[in-house]
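Hello! I am passing a structure on to you, followed by some notes on what turned up in it. Please open it and read along.

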Amino acid sequence: MAENIVFHFDVDGEDFSSAGGASVTVKKKLRQLGIAPEYIRRVSIAMYEGEINMVIHANGGSADVIVSDDEIKIVLTDTGPGIPDVSLAMQEGYSTARDSIRSLGFGAGMGLPNMKKYTDTMEIDTELGRGTTITMTVKIA
Amino acid sequence: MKIRELKELLSAELMTDDTTLLDGEVFNACCSDMMSDVLAFVKDQGVLLTGLVNEQVVRTASMMDMVCIVFVRDKTPTPDMIRLAEDCDIVVMKSAYRAYEACGKLYTSGLVAREHHN
């Protein structure tokens, strides 16, 4: 691959039923690029969880996926409330999601742990009242 | 287990169009109404049994490369969900059995979850 390939998506925070659409699209694009299925699965699950989180907690945001020769980078940016305690949020089972979200099948406190589990690196840059940027990479070489 | 066999065991009604996909194999099963729990376990060619009805069920199954979704307790997926599943080559069916019974039938018929690979 001579140059990086970049996919950009705006994630609509208003409509839960459409949440995850960007991840489905990324999965298809990565398949077209001939990326190995195991890497595609890890990237799309991590991005999907992040996308859902942006809709649940931050009223949407943006997602960028950058494909280079040796890694796939996912950058999720929102202008939501920020994460008050990142180490707490990283614990499996800890959730601040509303009951209405749980009734939709999310808010089990597995989002951030799953994102970390399926990626090789994950950095969370968050500021209360300003928003959160999560950068994840999956090595593909 | 072939998806066709699974359908018979659960007396399930096929909701998606492509009957050729019934010849596909499932090697694992996962039963949950919490999609993040489903996303925590990578398994190959699995079937998802759930009583939750929304589009995120189909997207979750797609992310996990699952090949079949069974809605238990006769829960009926929406036309949008069925279209989305067909677009992802996922077989969708519904069964009158409750989740516990449906899982029991599949388990005792040999669909025993393999070790996950991740």
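Let's begin with Ser32(B), which is buried, at a relative accessible area of 15% (buried means under 20%, exposed over 50%, partly exposed in between, with a 1.4 Å probe and protein chains only). Before going on: this is a predicted model, where local features need pLDDT of at least 70, side-chain atom pairs count only at pLDDT 80 or more, and totals for chains, interfaces and linings use all residues. Residues are numbered from 1 along each chain as its sequence is written, chains are lettered from A and ligands numbered from 1 in the order in which they are written, and side-chain values use heavy atoms, leaving out hydrogens and water.

Ser32(B) sits in the loop between strand E2 (28-31) and helix H2 (35-39) of chain B. Helices (H or I, at least four residues) and strands (E, at least two) are DSSP runs, numbered from the N terminus. The Ser32(B) side chain reaches the backbone nitrogen of Met34(B) at 2.9 Å. Beyond neighbours within four places in sequence, Ser32(B) has contacts (heavy atoms within 4.5 Å) that include Asp37(B), Leu48(B) and Thr50(B).

Now for chain A. Here five strands make an open, antiparallel sheet in the order E1-E2-E3-E5-E4; two strands pair if DSSP finds at least two bridges between them. Strand E1 (5-12) and strand E4 (121-127) of chain A are the edges, each pairing on one side only. Further in, eight bridges join strand E3 (residues 71-78) to strand E5 (residues 131-139) of chain A. For example, Thr77(A) has Thr133(A) in E5(A) as its bridge partner.

Happy exploring!

Definitions and conventions
A polar contact is a pair of N or O atoms within 3.5 Å; within protein, one must be able to donate a hydrogen and the other to accept it, and residues adjacent in sequence count only if both atoms are side-chain atoms.
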